[in-house]
Amino acid sequence: MNASYDRIIVLDTETTGMNREGGPHYEGHRIVEIGAVEIINRKLTGRHFHVYIKPDRLIDPEAVEVHGITDEFLRDKPEYGAIHAEFLEFIKGAELVAHNAPFDVGFMDYEFSKLGEDVKTDQLCKVTDTLAMAKRIFPGKRNNLDVLCERYGIDNSHRTLHGALLDAEILADVYLLMTGGQTTLSFGGNNSSNQGTDIVRPVTTSRKALKIIRASADELSKHEEKLDVIEKKAGGVCLWR
């Protein structure tokens, strides 16, 4: 397993119902959709895993209201066992990121056990829960995915129903912003042989001077709040301060 976890899989699942007690499989609920996207070196690669799954039980009406997936729609879809090997191949060795990860992981482990597999998700991947991360960054505040999108300025207006792949794509954006955005800024190629030899010359122009718009007190305050988050995630170091 890759100890540095340069490869990250951001995942979401939809299920036949929400369990009220006793763990994810208390009422025998099953996964009906898996959506996962791949990040390597903090960039989305375009690779993804997406599948609808036919469970061995009916979907609760409350769950249909959330994700819009019906029993009729799933009638010709594969059972979990048919996609198990491909799914494990996609996630193994990666850092697995999910929002409220114990929910998704609990269902995954239950699906594994139904096949007689003596393996747990956390034996295949390092599991990261973005809900737990958000609670540490924004204590005492609501931290569902919609709220985090608003907080980080992510457009999720196309998200009317929950869909596993759509939610995974949105969560990938949220995760990258929560953990510092870009890792490096590059201004041109590596030109180490010319270091210290570039000459900066003034440019004359007849263009009018640009109007300077100063940040308001509220904007400066929000900027400082953002730097506080960056500083905390970077272990007390913030290049923009």
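**Values and their terms**

Reader: How do you know that Met178 is buried?

Author: The relative accessible area of Met178 is 0%. A residue is buried under 20%, exposed over 50% and partly exposed in between, with a 1.4 Å probe and only protein chains counted. Because 0% falls under 20%, Met178 is called buried. Please note that this is a predicted model, in which local features need pLDDT of at least 70 and side-chain atom pairs count only at pLDDT 80 or more, while totals for chains, interfaces and linings use all residues. Residues are numbered from 1 along each chain as its sequence is written, and side-chain values use heavy atoms, with hydrogens and water left out.

Reader: Where does Met178 lie?

Author: Met178 is in helix H8. Helices (H or I, at least four residues) and strands (E, at least two) are DSSP runs, numbered from the N terminus. The C-alpha atom of Met178 is 8.7 Å from that of Ile137, although 41 residues separate the two along the chain.

Reader: Which residues touch the most other members of the largest nonpolar core?

Author: They are Val10, Tyr152, Val174 and Met178, in a core of 23 residues. A nonpolar core is a set of buried Ala, Val, Leu, Ile, Met, Phe, Trp, Tyr and Cys residues joined through side-chain atoms within 4.5 Å. Strands S1 (7-15) and S2, together with helices H6 (130-137), H7 (145-151) and H8 (164-178), each give two or more residues to this core. Helix H8 gives the most, with eight residues. Apart from this core lies another, of 22 residues, including Ile31, Ile34, Leu96 and Val119. In soluble globular proteins, nonpolar side chains tend to be buried together.

Reader: What does Val10 touch?

Author: Leaving aside residues up to four places away in sequence, Val10 touches Gly35, Ala36, Val37, Ile39, Val97, Ala168, Leu171 and Ala172. Contact means heavy atoms within 4.5 Å.

Reader: What makes Leu96 count as buried?

Author: Leu96 has 1% relative accessibility, so it counts as buried. Leu96 belongs to strand S4 (residues 95-98). Not counting residues up to four places away in sequence, its contacts include Ile9, Leu11, Met108 and Val127. Leu96 and Glu38 are 58 residues apart in sequence, and their C-alpha atoms are 9.7 Å apart in space.

Reader: Is His84 buried or exposed?

Author: The relative accessible area of His84 is 7%, so His84 is buried. This residue is found in helix H3, and beyond residues up to four places away in sequence it touches Phe112, Leu115 and Glu117.

Reader: Why is the aromatic pair of Phe49 and Phe87 called tilted?

Author: Rings of Phe, Tyr and Trp (its six-membered ring) pair if their centres lie within 6.5 Å; planes under 30 degrees apart count as stacked, over 60 as edge-to-face and the rest as tilted. The centres of Phe49 and Phe87 are 5.3 Å apart and their planes make 40 degrees. Phe49 lies in strand S3 (residues 43-52) and Phe87 in helix H3 (residues 80-91), so the pair ties together parts 38 residues apart in sequence.

Reader: How do you know that the charged end of Arg151 sits over the ring of Phe138?

Author: The charged end of Arg151 is 4.3 Å from the centre of that ring. A charge sits over a ring if NZ of Lys or CZ of Arg is within 6 Å of the ring centre and within 35 degrees of the ring normal. The distance of 4.3 Å is within 6 Å, and Arg151 is listed as sitting over the ring. Arg7 likewise lies over the face of Phe90, at 5.3 Å from the ring centre.

Reader: What is the mean pLDDT of the protein?

Author: The mean is 83, and 77% of the residues reach 70 or more. The pLDDT is the predictor's confidence in each residue, from 0 to 100. Over residues 182-205 it is below 50, and this stretch has three contacts in the model beyond near neighbours in sequence.
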